[in-house]
Structure formats: C-alpha cells, structure tokens
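Let's take a look at this model together, one piece at a time.

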Amino acid sequence: MNQNNLYTVSIYTENNIGLLNRISAIFQRRHINIESINSSVSEIENVTKWTMVVLLAEDQMKKIIGQIEKQVEVIKAYYHTEDETIYQESCIFKMKSDLLFDERQIQNIIKESNARIVTVNRDFFVIEKSGRKEEIELLYRELNVFGIMQFTRSGRIAVTKDEMKISTMLEAFQA
Amino acid sequence: METKTIKETDTTSQQTVRISGSEAIIKCLLAEGVDILYGYPGGAIMPVYDELYKYQDKIHHVLTRHEQGATHSAQGYARISGKVGVAIATSGPGATNLITGIADAQIDSTPMVCITGQVASHLLGSDAFQETDIVGISTPVTKWNHQITKASQIPEVMAKAFYIARSGRPGPVLIDITKDAQFEEFDFKYEKCKGVRSYIPIPKLDRTSVEAAAKLINAAKKPMIVWGQGVALGQAEMQFKAVVEKAGIPSAWTILGAGAIPTSHPLNIGMVGMHGNYAPNVLTNDCDVLIAIGMRFDDRVTGNLATYAKQAKVIHFEIDPAEIDKNVKTDVAVLGDAKESLAALLPLLIEKTYPEWHQKFKDLYAIEYEKVIKHDLHPTKEGLTMAEVLKEINNQTKGDAAIVTDVGQHQMIACRYANFNKTRSNITSGGLGTMGFGLPAAIGAKMAAPEREVISISGDGGYQMTIQELGTIFQQKAGVKIVVLNNEFLGMVRQWQQLFFDKRYASTEMTNPDFVAIAKGYFIEAEKVTKREDLKDAVAKMINTDGPYFLEVCVEKEGNVFPMIPTGASVSDIRLE
C-alpha cells in the first residue's frame, strides 16, 4: 500500500483560466513532483482533459484524487495503473543533415524504431517518434551517440481500457 | 465565463437595466440578501465604493482598520448567523491582507465572499501600481475564485460566488474585478445560481450506508460520538439531539462543534483533542464504535493516528467525500448532509442506555476534576486563573453569550469552561489557529446578532495583532464586550517552552502597554482587574454596560492548560499535569 507506483491521472474539467494552478497546488502542498502533464480537449465538447503522471503511494493517490475532485470546476478525476491504460508519448529530435549520409546506421535506427523523418533540409533533419517512454529513451540513447541538436518529449497521453462514464454523468447534470 | 451554470431566474429583476459594473455589484449583493459588508477602500475599488455611498441606506459598509479585520469580521458574521459574510478590498496590498482570513475561512468551512478591485485589464501582468495576482495567490485557500474583466460577466459570476460559498461544505470565494469592468456599462439582469454542472455540493445519501451504520450502532456495547461543526453547518442540531438521546450515546465535540447540544446536556461528555477533556480522550481508545459526525479528524483531535481508536469500528457521517479515510480509516462512511443523514438514521436506532459505560466517563471526569478543574475554577493560591474569569462570565450571562475567542491558552480555557447553551455560540479560529481573529470576529458576530451578548475573549498577544479594530468598534458603536486575559506572555508557546524546551522562554515574554488607556483612547469604557475579590463586580459592570466595554484581567503569569496530549502522543496518554 505504501510503496510508490507510477499512476496516470485523468481529470475532466471545465476549460477555465487558473485551473492548472488549482490542480498543481494540490500536488505541491504534499511535496509531490508531477512527472508529466498534458491538457487537451476531450471526447466531450467544451470539456478539457488533463493527463498527468505521478509517482506516489496508492493511499496518497486516493486522497489527492478526492481533493482534486472536490474543486468546483473539476467534473471527475480518476487514477490508473500502467496496466489499466493505453498510453503514448511523442518526441522530436533535430540532427545535423550530414549525419544522414555519413552515419548510415541512423537510417536503420529510424526504421527499426518506427520513427519517421518529418523534414530534411541542407542543415538539419527532424525525426518524430511516438511510443512508450522506454522506447523513446532507447531511441534517444541510440541517436545521442551521433550528437543531437535539439530534443523534446511530450507529456503522456492515455486512454483507459475500461469505460469512463463521464458523458452519462454530464448528461445527468444537464437533465 | 465558460463554466456552465444552471440559472434560476429571479423574477424581481427580470427586466434589464443599463448600469455600470460597480452598480451591478451592489445590485448583486442586494439580490443575495447582503445587508452588511466589511472592507477598506482604495484606488482599484473606488467605483464600487462610489456606489456604496449611493446605496448606503440599503447596504451598510463597515470600515475596518485593516483588511484582515474585514475578513475576520465577515467570518464572525457568518459563523453566528449561517449567512455568507462579505469582505471587500482594493487591489495589491488590500487584496493580500485578506489572505489570512480567507485561509482561516477555508480550513474552518466558513461561507464568505471576498471582492477585490484589480488594475484595469489592459494593465494586467505589467507590474502596474498596486497590481498583484490575487487570483493566483488565493487559489490554494479558496473554495473557488474568479477574475472579472468585463462588466457583463458580473451577474453570473457573483451569483455563482454566493452559491458556491454557501452550498455543500461552505467556504470562501474570491472575486477579483478589474477597474475598467467596474466602470463599463451593460444591460444588467440578475439570475440566482442554483447549480454548477461540475460541482456536487451534497452527495446523494445512500440508504444502505445508513442502515450499515445503524446496525453497528445498535450492536455496540461502548459507543461514542464525536461531533464537529458539520452539525451546525448543516442546521442539524435537532436531528442530532434526537439521535444522541434515542441512542443514549456519550457524545463529545471538537472545538468547532461546541454548542450543537448544550454544554449542560447529560450526554455531552466534553471536548476531545489536545486540550480537551480527560474522559472522552482516554475512552476514544476504549470505545467499540466511534461515530464521527461532521468532523474531519484533525491532528489536534486525534493525536498519534497510529494509536487512535484502533480497537473501534469507525462510522463517519460527512458531506465532503475527500474527508473519508483522509486521516482515519472508516468502516462505514455515510456521505451526505448531516440533517438528512441523521434524520434517516433516527428511526433505525434502538433506544438504549449504557449505565456502566457512562460510569466510566463519570469516573474519569472525577479524576480530571480533582487534578485540574478544581484548581482552575476554585484556586486556593494567589493569582487569578483564566478559568475563574470564564466561570464568572458563565454565572452572569447564564451561558447564553456568544463567546468569540482568539488563539492560545485563553481559547482552550474558554472552550473548556464556557457554558454554551445555544448553537453557533463558540466563534473561534479552529483549523488555522489565527491569532488576531477574535476582536474583529466579535464585531461581525455582534452586528449579525445584535440581540445577543457577544463577548470577545483574547490573550494579551493576539489582542495586539488586531487591536486597531477598537477603532471600528468605536465608530460603529458595536456593543462588543472585550475581555483580555493578560498574563504578559504568549502563554501557549511559553507553556510548550516550559514543558518541552527546558523553560527557555524565547521571545514569549511581553512588555505590554496600558490597555485600559488604549481602550479609553477610543472612548470605550474600560477597567482593569488584578484581584479575585474585584472580579465579580467588574464582570457585572461589563455585562450591564450598554455598548462596547473593555475589561482587562491580570491572570497568573505562568499558568498552564491541562489536560494536554503532547504532540505525537496517543489520545489515551493525555497528561493531567
């Protein structure tokens, strides 16, 4: 119960200014670092979905979910283990164009990792890769040998294997 | 405003009128039934003050001497009346000065709406004069907050502010309004808010949980109730009393629960917590079913959680789902409004008495009386005790007064010894422990309930944190009775230094001014008592004086509050000396 696990937190909210502050403050006051965070539209019109990854113990996770849900503009909050979600992250590498010709194995690395080249010009080329964190970390290690000009990785996005009954909940509100 | 709110059309204000944002704010306040607000003017809120001037026959603005005082006054108003307290201030320092009161209202679930002026919207983020990000600053200590930059947003946001502040588990809401929105004209129409789609103020009562609770209670051999402010907040005093009496269960209260059933009620077994009564603390670790009602298992109540009521089945009646299992694991959680939950519980309960179990409380009370209470109330040595002042106030007010306390030794003594005949009579800063709360809170309490005797009891430390509110009392002619129990120390910290820091009294001794002269400087009648034989007459004079009165009582310098659960100790290891 008290060992730390990686949890994916999904929060459905109104799309209002300041809500990020309100939600992150709940983690901050318990001295918990947010590993990644993403905000986007959801499957429901005008409802925002936050996807956060945090490392903590389950009893603490439960209490935090309660405190998030209690915020007026939060519609519903869930937490899930790694097994309960399908998740992806995305990343972008910028590298020198010369490498494409001088270091032939780069093309194999790109192919084998299911990455793709987004653009190539005289000076640099850009690789994009979506996948799990470990896959992205592996690609990073492989490419880092040749020198990376710029690298960025996105926050996790995730859907759950089980249904989230958020739409029916909102319909009930509106009735 | 993108939040979806469910509106209830107020038929009295159906037609639209073209008015300024600042006039709209006043009209919103009037529509929400606000008759008094507490505040302090300044640059960014001046248009609203201009309207307050025009509407002064309908709404009474109380100029406090500091914005913190405005929040505490609004809190006192809310706590005694159950209505939403309103505080108003300007941007920048005016707004930041509200924060302590807002944090206090948040942790003590007090309904309050704070309105702050803000620099004009085109200046936001530019470090303009008296600009501060008050929405950002207040976020962690508000139930909800919002910034208005267009006048047209005012009616909906204000309606939502009052709805959120008072519904469900109440709390503070802050609305920040830019100066241009205050000047802007628009077509005003007010609709009361009756719901917000993302917000469930009261969870739906689950009958099966009530049945499970009743089953546990009916089978109990040594049940004990601990109730908190939720009973009063839910206006469930009648239902609560009926439950307690039918089930015959010894019932203890948290500091904010005081008075929901009278102190003198035979089933009222006193206060739990760090300086609570001996019996309910010790027997928390002996009961077989612990029934928590509208309380949140604060660490000052539970002591060491690892040894708190481990032998007992725990039932938690609570409106806020986030409180369930937060500190103490429950066996049965009954989510919902206290009034509804207790009304549902009552018919399921069997009438019972527990003579042997009650005797245990009586036996432990006898020990507490011998070791502590006797010496507090009937001291034989020289030097007045705080408790005998409370005893005198009890005698002369018949326990009908509202006692407004500050924070520290006097607060614990007042809660232990004051008789609370009526609900909403113990107005104190519980969760935040805000020194300086008492005096301004008493102003709000007296103005909300002018028919009641309101007695502010402070220590010499906390009193001086908001002493300037004597000016407000004088200007408003608020009939607050002010008692300062002066031991020339920050007494509670000194007590800890004595017990846990080998009497190293670091910065706790106070060299005090002539408090009587200060009160008289504000034209408030005042007296100082140093001898036991003068106390009775002095309290009588205070009670019999119309209008405000100040009484300083010099008490023993190094008196301690017992019983006491040292930090980290178990409730059953409560010390009597």
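## Ground rules

Two strands count as paired if DSSP finds at least two bridges between them. Strands (E, at least two residues) and helices (H or I, at least four) are DSSP runs, numbered from the N terminus.

This is a predicted model, where local features need pLDDT of at least 70 and side-chain atom pairs pLDDT 80 or more, while totals for chains, interfaces and linings use all residues. Residues count from 1 along each chain as its sequence is written, with chains lettered from A and ligands numbered from 1 in written order.

## The sheet in chain B

Chain B has an open six-stranded sheet with parallel pairing, in the order 18-17-19-20-22-21. Strand 18 (426–427) and strand 21 (525–529) of chain B each have a single partner strand, so one side of each lacks a neighbour in the sheet.

B:Val404 has B:Ile427, in strand 18 of chain B, as its bridge partner.

## Chain A meets chain B

Here, a contact means C-beta atoms, placed from the backbone, within 7 Å. Chain A puts in 20 residues and chain B 17. On the chain A side, helix 1 (19–28), helix 2 (58–69), strand 4 (74–80) and helix 6 (166–174) supply at least two residues each.

## Domains of chain A

An automatic or database assignment sets the domain bounds: in chain A, domain 1 covers 4–80 and domain 2 covers 87–153. Taken over C-alpha atoms, the centres of these two domains of chain A are 31 Å apart.

Notes. Contact = placed C-beta atoms within 7 Å.
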